[in-house]
Amino acid sequence: MSEVKISENEPFEAALKRFNRKIQQDGILAEARRREHYEKPSVRRKKKEAAKRRKTARKNK
């Protein structure tokens, strides 16, 4: 659970910006997007293999 403490004189926009940055770093938003729709195990496996191929292709360049 991500949490941001707001100081007394801190503007709301600054606190919101810190919160968004923390959410991004923790990967919560990416995880929520990934879980938004059900993905069959076969599709998940194909995506994982494709990512692995892209990663090795980048290393070989």
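Which residue does glutamate 3 form a salt bridge with? Select lysine 5: the closest N and O atoms of the pair are 3.1 Å apart. A salt bridge here is a side-chain nitrogen of Lys or Arg within 4 Å of a carboxyl oxygen of Asp or Glu, and the count by this rule is five. Lysine 5 itself is exposed, at 65% relative accessibility (exposed is over 50% relative accessible area, buried under 20%, partly exposed in between; 1.4 Å probe, protein chains only).

A quick note before moving on: this is a predicted model, where local features need pLDDT of at least 70 and side-chain atom pairs count only at pLDDT 80 or more, while totals for chains, interfaces and linings use all residues. Residues are numbered from 1 along each chain as its sequence is written, and side-chain values use heavy atoms, with hydrogens and water left out.

Next, pick arginine 35 and glutamate 31, which meet in a salt bridge at 2.5 Å, N to O. Arginine 35 is exposed at 61%, whereas glutamate 31 is partly exposed at 29%.

Now jump to lysine 47 and glutamate 39, another salt bridge, with the closest N and O atoms 2.7 Å apart. Glutamate 39 is buried, with a relative accessible area of 18%.

Last stop: lysine 59, in helix α3 (residues 41-60); helices are DSSP runs of H or I, at least four residues, numbered from the N terminus. Lysine 59 is exposed, with a relative accessible area of 64%.

How values were computed: Helices (H or I, at least four residues) and strands (E, at least two) are DSSP runs, numbered from the N terminus.
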